[in-house]
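Subject: Structure handover

Hello,

Here is the structure I said I would pass on. My notes on it follow below.

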Amino acid sequence: MKFELQFPIEEVAAYASRFGFEHEEEALAIGEAARERGYYLRSEFIQICLWKTRRVSVRIQTNSDEEIAESTRLALGGEGIKPLLGLDGVSWGRASTLLHLALPDLYPILDHRAVHALGASWPSAVSFGFWSDFVDAFRATRERAGVSGRELDRALWQWSSEQDEQGLYSAG
């Protein structure tokens with residue numbers, strides 16, 4: 001899969017500065033605490049999963065404290081997204097959000113808007129290969145732009161949102 005930033009790299013900071021999302025600071029604080037601890041607590045895990053999307057919220061609550069701690073410890077400890085996908089109710093989007101908030105320079109949030117801003121179409125089914133290519137493109141773009149991972153994520157989302165507002169794209 002070929003990913004390529006769809007707007008001039010010099011505009012990353014400008015797009016990021018227009019981004020606004022409810023409870024972002026709280027979510028970032030939770031991610032930082034999880035990174036420092038090495039895993040997410042169950043309450044944090046649920047809060048971040050619901051921050052990403054309210055769909056299937058009942059399923060995420062069936063995961064035990066131990067399952068969440070072990071899966072997130074493995075993920076944050078270097079195994080990446082795979083352990084998170086084993087948790088009930090955790091999609092690629094939620095798993096990537098948990099990774100991004102704890103390790104924002106290493107992992108992007110996988111969503112329609114970020115994929116759109118990197119010039120690709122959403123696949124019929126997300127695969128590990130798609131995820132891996134997306135992560136590589138995110139990291140390379142972040143390096144080229146000289147910004148933090150969080151700033152790039154904000155810029156990708158905002159650019160796509162503005163395309164939607166102009167009728168040039170629909171994420172749904």
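Please keep in mind that this is a predicted model.

I began with the second largest pocket. Its lining is made up of 13 residues, and those nearest the centre are Phe21, Lys52, Ile109, Asp111 and Trp157. Three elements contribute two or more residues each to this lining: helix H3 (42–52), helix H8 (112–117) and helix H10 (149–165). H10 gives the most, with 3 residues. Sorted by class, the lining holds 6 nonpolar, 5 charged and 2 polar residues. The space in the second largest pocket comes to about 260 Å³.

Next, the packing. The largest nonpolar core consists of 52 residues, and Phe7, Tyr40, Phe45, Trp131 and Leu156 have the most contacts inside it. At least two residues of this core come from each of helix H1 (12–17), helix H2 (24–37), H3, helix H5 (65–79), helix H7 (92–102), H8, helix H9 (128–145) and H10. Setting aside neighbours within four places in sequence, Phe7 contacts Val12, Tyr15, Ala117, Ala155, Leu156 and Trp159.

The last item is Ile60, which sits in helix H4 (residues 57–60). Ile60 counts as buried because its relative accessibility is 0%, and the cut-off for buried is under 20%. Beyond residues up to four places away in sequence, Ile60 touches Phe45, Ile46, Cys49, Leu50, Asp88, Gly89 and Arg94. Trp92 lies 32 residues from Ile60 along the chain, and their C-alpha atoms are 13 Å apart.

Regards

Methods:
Residues are numbered from 1 along each chain as its sequence is written. This is a predicted model: local features need pLDDT of at least 70, side-chain atom pairs count only at pLDDT 80 or more; totals for chains, interfaces and linings use all residues. Side-chain values use heavy atoms; hydrogens and water are left out. On a 1 Å grid over the protein atoms alone, a cavity is a set of points where a 1.4 Å probe fits but cannot get out, and a pocket is an open set with protein on both sides within 12 Å along at least five of seven lines; lining residues have an atom within 4 Å of a point. Grid points are joined across faces, edges and corners, and a volume is the space filled by probe spheres set on the points. Helices (H or I, at least four residues) and strands (E, at least two) are DSSP runs, numbered from the N terminus. Ala, Val, Leu, Ile, Met, Phe, Trp, Tyr, Cys and Pro count as nonpolar, Asp, Glu, Lys and Arg as charged, and the others, Gly among them, as polar. Buried means under 20% relative accessible area, exposed over 50%, partly exposed in between (1.4 Å probe, protein chains only). Contact means heavy atoms within 4.5 Å. A nonpolar core is a set of buried Ala, Val, Leu, Ile, Met, Phe, Trp, Tyr and Cys residues joined through side-chain atoms within 4.5 Å.
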